[in-house]
Every structure is written in structure tokens, then in C-alpha cells.
Amino acid sequence: MNQSSLFSIDSDLCATNLLPKEGLVNYYPEFLGEVESLNLLNQLQKSLQWEADQLIIFGRLISTRRKVAWIGDPKCTYTYSGVKKQPQSWTPELLIIKRQLEELPQAEFNSCLLNFYHDGADGMGWHSDDEKELDAQSPIASLSLGSARKFSFKHKKDKSTTSLFLENGSALIMHAPTQQFWQHALLKTKTIHTPRINLTFRRISISNA
Ligand SMILES: O=C(O)CCC(=O)C(=O)O
Ligand SMILES: [Fe+2]
């Protein structure tokens, strides 16, 4: 097998759609190196302001153990689970990562939601990233640092599911119209005792920003 056919097999693998229908999701393992990813996790854990996420469950406001940080261009306010958030400023490291990730789908992001999962007891329930401020045509780029965790998609109508492990340093691109037809969740796993940070780079519509 020559070099060019090897290359085309690799790029085909990267471009494989993880969903069987009504959406497009691509997975890129080793988007960042192993050591670089763990260093970035430590640095983000220390340098950002993390706060509990707030969810309304059965009419009651619940604070999560999982922590969140919201970064963005100055006008990118974002209502997440009913709570309006003002963004923290981009750090130089996050701007570099943003530019690298923008090259995968050839799209521009203006904001980033970070989630800190202390261990496998922290997770995120079924939802779609379809808040009204988000540009529904823009892809969402997810970068995972630290412990590999199981991430699942569930089709809104036929309830079929598909799952993968999001590994340290991996990127996952969710293209439109994935959010319209699929929910996703980060499942809890008792056997994981080490942290993970996930960054989802998003685009807030200019008219709302
Ligand atoms: O932690 C993850 O991989 C998923 C996070 C997520 O779905 C979100 O931030 O909307
Ligand atoms: Fe999400």
C-alpha cells in the first residue's frame, strides 16, 4: 500500500459520521497530545472561575456538583438551563485552541462552555445544545481533557442510541442538524476517580450577541 492510499484511509476514518441519520458527528482522537492535554486540564482548573451549574428539576433550583465556566467575546451572554451568564474573557491558551478547532469544520466560534467533572460521579443528563441564542447552523466543537468518559446520543423520535468514549485530547464535532434530531449525555461511571474537563466551542448569533 503506498503513502497516498494510506492517507486517504486515515482521512476517511476521521470523516466517518458516528450517526446513522439526521445529523453529522465526527470524532478526532489525539487532536491534542496526551501530555499537552493533561497540562491544559491542570492549568484551566486553576486559572478559571468555576461555579456550580444550576438546573430546575421538578420546579426546584438545584446546584450541580459538576462545575462550569463560560468564556466568550464580551457581548456573548448565554442563557443555560434558565440562568443568564456573562462570559469570562478568553485566555491566550483558549484562543489558540479555538483557532485550531476552527480548522476542523471551517467555522468560527465566539464562545466556549467548560464543564469540570471531578470524577465518574459527575455527569450531564440528556439534552440538546439548542438554546435560542445559539446559531443553529453552526457546528459545536467539543474538546475533552483527562479521564475518558462515555458519551451517548439518543434519537429524539425513535430513541435509538449510539455511544463512544471521549478520550484525553480528543475532539468531537457536532454539525447541524444534529441538535435538532438528537440528544446527548455524559453518563456517570462509578469506576472513574480522576477529573475531566470538557470544552464546547459554540457560536452565539450576532443578533443576540
Ligand atoms: O462533557 C461533555 O462531553 C458534554 C458536555 C455537553 O454536552 C455540553 O456542555 O453541552
Ligand atoms: Fe451538550
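In which strand does N115 lie? N115 belongs to strand β6, which spans residues 111-117; strands (E, at least two residues) and helices (H or I, at least four residues) are DSSP runs numbered from the N terminus.

The model is predicted: local features need pLDDT of at least 70, side-chain atom pairs count only at pLDDT 80 or more, and totals for chains, interfaces and linings use all residues. Residues are numbered from 1 along each chain as its sequence is written, while chains are lettered from A and ligands numbered from 1 in the order in which they are written.

**View 1. Overview of the protein.** The secondary structure consists of 4 helices and 13 strands. Of the 209 residues, 33% count as buried; a residue is buried if 20 or more other C-beta atoms lie within 10 Å of its own, exposed if 12 or fewer, and partly exposed in between, with C-beta atoms placed from the backbone. Among contacts with a separation of 6 or more, 76% link residues 24 or more positions apart. Two residues are in contact if their C-beta atoms, placed from the backbone, lie within 7 Å.

View 2. An unreviewed UniProt entry lists N115 under "binding site", together with Y117, H127, H184, R196, T200 and R202. UniProt positions follow the numbering used here, feature names are shortened, and annotations may be inferred rather than shown by experiment. N115 counts as buried because 22 other C-beta atoms lie within 10 Å. Neighbours within four places in sequence aside, N115 is in contact with R66, V68, M124, I197 and N198.

View 3. With 17 other C-beta atoms within 10 Å, T200 is partly exposed. When residues up to four places away in sequence are not counted, T200 touches C112, L113, D129, I140 and S142.

View 4. A "binding site" annotation from UniProt (unreviewed entry) covers F58, G59, R60, Y78, T79, Y80 and D130. R60 is found in strand β3 (residues 60-72), and Y78 in strand β4 (residues 78-80). R60 is exposed, since 7 other C-beta atoms lie within 10 Å, whereas Y78 is buried, with 20 other C-beta atoms within 10 Å. Not counting residues up to four places away in sequence, Y78 touches W70, K85, S111, E133 and I204.
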